[in-house]
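Have the structure open while you read.

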Amino acid sequence: MASVESGIARHYDVSGLEQHILAVLADTGVDIAHLRTGDLEAVDEFHIGGVAATRELIGQMGLKPGAKLLDIGSGVGGPARFAANNTGADVTGIDLTQSYVDIATSLSKRVGMADKVRFVQGSALDMPFGDKSFDTAMILHVGMNLPDKKRLMSEAARVLKPGGVFAVYDVMRLRAGALTYPLPWASDESMSFVATPDDYRSAAAAAGFSVTAERPRGTFAIEFFATIRARMAAAQAEGKKPPPGVNLIMGENARTKIANLTAALEGGILAPVEMLLRLG
């Protein structure tokens, strides 16, 4: 398990990522010296649908000011900052990749949110938090890297208070079919653990969760990537750099990863799925 986790951490570790993010934003006219949270939205939401998907997921969670929210697999901190800004929740993020934790912390300081969000390094399958530490939790496009969904669910249940909501937004397998790598979350099949909605439901039930809402977002995903491809093609035709987006964090082979994922989405093999779970 440790070797799998170290491989996954390496997959996401992009050298000089924070400097690259800031340089790309500066190229688009953003005043880096006076950075605002909204300036980051194009580049700090590393999941299908970006900030629009985050807004829709969080809008279903019933978050209230001061609620303690855990973001499992927090990346460079976009969803955590969005939740803190838009709901007043007290947000903690945990991520396997230390450089992401460092960047999330640094970017949050740059936008004046150091007191509203915090980030720690750790595994979603063995979280360094006490029992019943959080009112609610969320996970956005992380379960594809977690081999043990039952362990994920049991850890989420452990750190949540009774009645707590766990919002899941992961890419799931809707039918059989071969996947082509690399994908945004995996260089090869050794680090990809895509599961079916049934797998998630059964793991959730075993941990004491009930499903209160669920919806597949395959069409939404296909439209999202069609828009990205169109923007990248238009920029290339004009001899410009592609606009910043989820492709930025994917590194040099972003185009290949997007093409492989789009093929699986259009083939109906994969789709992002939202699940709202309640403990007890």
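## The sheet and what surrounds it

In this predicted model, 7 strands make up an open sheet with mixed pairing, in the order β3-β2-β1-β4-β5-β7-β6. The edge positions go to β3 (117-121) and β6 (209-216); each has a single partner strand, so one side of each lacks a neighbour in the sheet. On average, and ignoring direction, neighbouring strands are turned by 20° against each other.

One to look for: valine 91 has valine 117 in β3 as its bridge partner.

Helix α3 (residues 50-58) packs on the sheet, where it touches β4 (134-140), β5 (160-173), β6 and β7 (270-279). The direction of α3 makes about 145° with that of β5.

**A well-covered helix.** Next up is α4 (residues 78-87), which is mostly covered, with 8 of its 10 residues buried. Those buried residues are Gly78, Pro79, Ala80, Arg81, Phe82, Ala83, Ala84 and Thr87. They pack against quite a list of elements: α3, β1 (68-72), β2, α5 (98-110), β3 and β4. Just past the end of α4, glycine 88 adopts a positive phi of about 80°.

**A helix pair.** How do α8 and α9 pack? Helix α8 (residues 218-237) meets helix α9 (residues 254-266) at an angle of about 145°, and their axes are 10 Å apart. The crossing is left-handed. Here's who takes part:

| Helix | Residues in the contact |
|---|---|
| α8 | Ala221, Ile222, Phe225, Ile228, Arg229, Met232, Gln236 |
| α9 | Arg255, Ile258, Leu261, Thr262, Leu265, Glu266 |

By type, the residues of this α8 and α9 contact split into 8 nonpolar, 2 polar and 3 charged.

**The cores.** The largest nonpolar core has 59 residues, and Trp185 and Leu270 have the most contacts inside it. Helix α8 supplies the largest share of this core, at 6 residues.

What does leucine 270 touch, leaving aside its neighbours within four places in sequence? Its contacts are Val171, Met172, Arg173, Leu179, Trp185, Val194, Leu261, Ala264 and Leu265. Of these, Leu261 and Leu265 also turn up on the α9 side of the helix pair.

There's also a second, separate core, this one of 31 residues, including Leu125, Val142, Ala157 and Val273.

Terms used: Residues are numbered from 1 along each chain as its sequence is written. This is a predicted model: local features need pLDDT of at least 70, side-chain atom pairs count only at pLDDT 80 or more; totals for chains, interfaces and linings use all residues. Side-chain values use heavy atoms; hydrogens and water are left out. Axes are lines fitted to C-alpha atoms, for helices over the stretch in contact, and angles run from 0 to 180 degrees between N-to-C directions. Helices (H or I, at least four residues) and strands (E, at least two) are DSSP runs, numbered from the N terminus. A crossing is left-handed if the near helix is turned anticlockwise from the far one by less than a right angle, and right-handed if clockwise. Contact means heavy atoms within 4.5 Å. Ala, Val, Leu, Ile, Met, Phe, Trp, Tyr, Cys and Pro count as nonpolar, Asp, Glu, Lys and Arg as charged, and the others, Gly among them, as polar. Two strands pair if DSSP finds at least two bridges between them. Buried means under 20% relative accessible area, exposed over 50%, partly exposed in between (1.4 Å probe, protein chains only). A nonpolar core is a set of buried Ala, Val, Leu, Ile, Met, Phe, Trp, Tyr and Cys residues joined through side-chain atoms within 4.5 Å.
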